[in-house]
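I opened this model to look up its sheets, its metal site and a few single residues. My entries follow in the order in which I went through them.

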Amino acid sequence: MVQDLIQRIEQLKDRIRGSRYIVALTGAGVSAESGVPTFRGKNGLWKDYRAEDLATPDAFARNPQLVWEWYDWRRQLIASVTYNPAHRTLVELEKNSPRFTLITQNVDGLHQKAGSTNVLEIHGSIWKLRCTLCSDISENYEVPLKALPYCSMCGGLLRPHVVWFGESLPSDVLVKADNALNLCDLLMVIGTSGVVQPVASFPYYARTKGAFVLEVNVERTLISHIAHETILGKAGEILPLFL
Ligand code: BV8
Ligand code: ZN
């Protein structure tokens, strides 16, 4: 069993070394070992609410206070943790690869804190706010938020600059992601359950364009049947083995 894993890791190291364009697609699982709860894990994200119930425009329109309470709680939690070996390994891979793009569904900013530079935040960032009236985007690192934030330009209520359910992904980021998935010869899918669309279809798309799809997760997921190789284990323990 262990011998088999060592052999598979060695083969994957050769493949990584020989890749001309690596894309990494990450989800909540890469931040789990930093202490950031995943969305659909058993410990869940917050009280008895589900992300699908709070991360929506309707929830915010109905009760901005409650939605901001949830984001403020997550911002405080994220501000109190730091990146882990999974994030750091992706920084090293970016440095050592001829071409490398990191597409993340995470909004926590831990990839950038760890040193990743070419990061596509496909679902936005919890550290950016957008005005609900004039759409001005600002960065805000205030934890805890003392009150509901309002726009300095027009006085409109600010919302988290993240993609909620039912909202389309930022087209400029989508175009870059599409291009990367089209051109890469290795796609590493790390710590995502493959539930949320359209990102969950990215591995399938990359595979049809000829990429080798490698998945790292603690359990098999909806992506596993698309992956050429699935390594079961914690991202913070498995990824450093590829260096
Ligand atoms: C869109 C940002 C339409 C905010 C998020 C049916 C009904 C209603 C809607 C739909 C439907 N079918 C499809 C939809 C569309 C919907 C969707 O996919 N719903 C799902 C629930 C079925 N999608 C959308 O609404 C998207 N927009 O489709 O727009 C449209 C189209 C055209 C024009 C206009 C509009 C928008 C989706 C974006 C939603 N925003 N978050 C915020 O974060 O607050 S989603 C949320 O889920 C996060 O972004 C998160 O990143 C993302 C994905 O979750 P994961 O990252 O995979 O996390 P999860 O907990 O699920 O899994 C963690 C994984 O890690 C697990 O596999 C676990 O095993 C693993 N793991 C744990 N520990 C470790 C580990 N792995 C390795 N190491 C470890 N240590
Ligand atoms: Zn404004």
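Before looking at any residue I noted the cut-offs for burial: a residue counts as buried under 20% relative accessible area, as exposed over 50%, and as partly exposed in between. I also noted that this is a predicted model.

**Entry: the metal site**

I first looked up what holds the zinc ion (ligand 2), and found that C131, C134, C151 and C154 coordinate the ion through their SG atoms at 2.3 Å. The angles among the four donor atoms run from 99 to 118 degrees, and the site is tetrahedral. Along the sequence I read the spacing of the donor residues as C-x2-C-x16-C-x2-C.

I then asked how accessible C154 is. Its relative accessibility is 37%, so C154 counts as partly exposed. For C134 I found 36%, and this residue too counts as partly exposed.

**Entry: the sheet of three strands**

I traced an open sheet of three strands in the order β5-β4-β6, with antiparallel pairing. Its edge strands are β5 and β6, each of which pairs on one side only. Neighbouring strands of this sheet are turned by 45 degrees against each other on average, with direction ignored. Between β4 and β6, which run antiparallel, I noted five bridges; the zinc donor C131 has L158 as its bridge partner in β6. Helix α5 (residues 64–79) packs on this sheet and touches β4 and β6, its direction making about 140 degrees with that of β4.

**Entry: R159**

Is R159 buried or exposed? I located R159 in strand β6, and with a relative accessible area of 7% it is buried. The side chain of R159 makes a polar contact with the side chain of E167 at 2.7 Å. Leaving aside neighbours within four places in sequence, I listed the residues in contact with R159, among them F60, W68, K128, R130 and W164.

**Entry: the sheet of six strands**

I followed a second open sheet, of six strands, in the order β3-β2-β1-β7-β8-β9 and with parallel pairing. The edges are formed by β3 (119–121) and β9 (229–232), each with a single partner strand, so one side of each is left without a neighbour in the sheet. On average, neighbouring strands here are turned by 15 degrees against each other, direction ignored. Strand β2 (residues 100–104) is joined to β3 by three bridges, and the two run parallel; within this pair I noted L120 of β3 as the bridge partner of I103.

Which helices did I find packed on this sheet? Helix α1 (residues 2–17) touches β1 (22–26), β7 (186–190), β8 (212–217) and β9, and its direction makes about 125 degrees with that of β9. Helix α8 (residues 171–183) touches β1, β2, β3 and β7, and its direction makes about 130 degrees with that of β3.

**Entry: G109**

Last, I looked up G109, which lies in the loop between β2 and α7 (110–114). With 14% relative accessibility, G109 counts as buried. I also took the C-alpha to C-alpha distance between G109 and G124, which is 9.5 Å for a separation of 15 residues in sequence.

Key: Residues numbered from 1 in each chain as written. Chains lettered and ligands numbered in written order. Predicted model: local features only at pLDDT ≥ 70, side-chain atom pairs only at ≥ 80, totals over all residues. Heavy atoms only, no water. Pairing = 2+ DSSP bridges. Helix = DSSP H or I, 4+ residues; strand = E, 2+ residues; numbered from the N terminus. Axes fitted to C-alpha atoms, helices over the stretch in contact; angles between N-to-C directions. Contact = heavy atoms within 4.5 Å. Donors = N, O, S within 2.8 Å, 3.2 Å for Na, K, Ca; no water. Tetrahedral: all angles 85-135°; square planar, octahedral: opposite > 155°, others 65-115°. Buried < 20%, exposed > 50% of the residue type's maximum accessible area, 1.4 Å probe, protein only. Polar contact = N/O pair within 3.5 Å; in protein donor to acceptor, adjacent residues only side chain to side chain.
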